[in-house]
Amino acid sequence: ANVAFTAFELPGSTTGKPAIKPLFELNWEDHHVPLRGISFWCASPLYVDGLVYALVMTGGLMIVDVNARKSVHRRWLDWYCRFNRYLYGAVASPTLGGKNIYLVDNSGCSIVLQPGPVYQERGRNILENISPWSQSGNPCKQEAFYTSPVFAGDDLFLRGEEYLYAIRGK
């Protein structure tokens, strides 16, 4: 079978012979955003309140309800994600910051989501730096972003190809 998603139960203890048990699998055809070229799950998925948020490197999002054992949302995200044979479009892991989920593509576009089974976008932000030193392959030498955001208090930090950005909270 062509498996798109596998859920596992981790052992409750590390004593004795701990075993990881497979819980369920979702097949590729029924539970994945239709392919746009070759598509791989690169980023680590995010688990929040019984839902798993997974990004595919070509710019797709899948939300899986682990209790219902099914995908509850699939879509291509409307962002600046550029993808080709040498350029990964979305490899930063979805990140929970406060009450929001942050998704970052390789071109510096961040989508802020409200957690839940329904896609609810709360905002967008774009960091754009044109740099003659960029090696990313982005058009116009645009700085690439391949890392997940990091939160410290009310501040968000995002590492680009050239700079480390600090976005201060209120």
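Student: In which sense do strand 11 and strand 12 pair, and over how many bridges?

Tutor: Strand 11 (residues 150–152) and strand 12 (residues 155–159) are antiparallel partners, with three bridges between them. Strands here are DSSP runs of E of at least two residues, and helices are runs of H or I of at least four, both numbered from the N terminus. Two strands count as paired if DSSP finds at least two bridges between them.

Student: What is the model's origin, and what limits apply?

Tutor: The model is predicted: local features need pLDDT of at least 70, side-chain atom pairs count only at pLDDT 80 or more, and totals for chains, interfaces and linings use all residues. Side-chain values use heavy atoms, with hydrogens and water left out, and residues are numbered from 1 along each chain as its sequence is written.

Student: Back to strand 11. Which residue is the bridge partner of Phe151?

Tutor: Phe151 has Leu156 of strand 12 as its bridge partner. The hairpin of these two strands has two residues between the strands, and Gly153 takes a positive phi near 65° there.

Student: And on the other end, how many bridges link strand 12 and strand 13?

Tutor: Four bridges, again in the antiparallel sense, link strand 12 to strand 13 (residues 164–167). Arg159 stands opposite Leu164 of strand 13. This pair also forms a hairpin, with four residues between the strands.

Student: What holds strands together in a sheet, in general?

Tutor: Backbone hydrogen bonds pair the strands of a sheet, in parallel or antiparallel fashion.

Student: Changing topic. How many helices and strands does the protein have?

Tutor: There are zero helices and 13 strands. Of its 170 residues, 44% count as buried; buried means under 20% relative accessible area, exposed means over 50%, and partly exposed lies in between, using a 1.4 Å probe and protein chains only.

Student: Now strand 9. Why is it largely enclosed?

Tutor: Five of its five residues are buried, so strand 9 is largely enclosed by the rest of the structure. Cys109, Ile111 and Leu113 lie on one side and Ser110 and Val112 on the other, and both faces are covered. In a regular strand, side chains alternate between the two faces of the sheet.

Student: Which strands does strand 9 pair with?

Tutor: Strand 8 (residues 100–104) is joined to strand 9 by four bridges, antiparallel, and Ile101 has Leu113 as its bridge partner. The hairpin of strand 8 and strand 9 has four residues between the strands, with Gly108 at a positive phi near 90°. Strand 10 (residues 121–126) is joined to strand 9 by five bridges, also antiparallel.

Student: Take Ser110. Buried or exposed?

Tutor: Ser110 counts as buried because its relative accessibility is 10%. Asn125 in strand 10 is its bridge partner. Beyond neighbours within four places in sequence, Ser110 is in contact with Leu103, Val104, Gly123, Arg124 and Asn125.

Student: What is the strand order in the open sheet of four strands?

Tutor: The order is 3-4-5-6, with antiparallel pairing. Strand 3 and strand 6 are at the edges with a single partner strand each, so one side of each has no neighbour in the sheet. The twist averages 20° from one strand to the next; axes are lines fitted to C-alpha atoms, for helices over the stretch in contact, and angles run from 0 to 180 degrees between N-to-C directions. Strand 3 and strand 4 are joined by three bridges, and Leu46 has Tyr53 of strand 4 as its bridge partner.

Student: What is the phi of Asp49?

Tutor: Asp49 has a positive phi of about 50° although it is not a glycine. Asp49 sits in the loop between strand 3 (46–48) and strand 4 (51–55), and is exposed at 75% relative accessible area.

Student: Where is Arg69?

Tutor: Arg69 is in the loop between strand 5 (60–65) and strand 6 (70–76). Arg69 has a positive phi of about 60° and is not a glycine. With a relative accessible area of 45%, Arg69 is partly exposed.

Notes:
Contact = heavy atoms within 4.5 Å.
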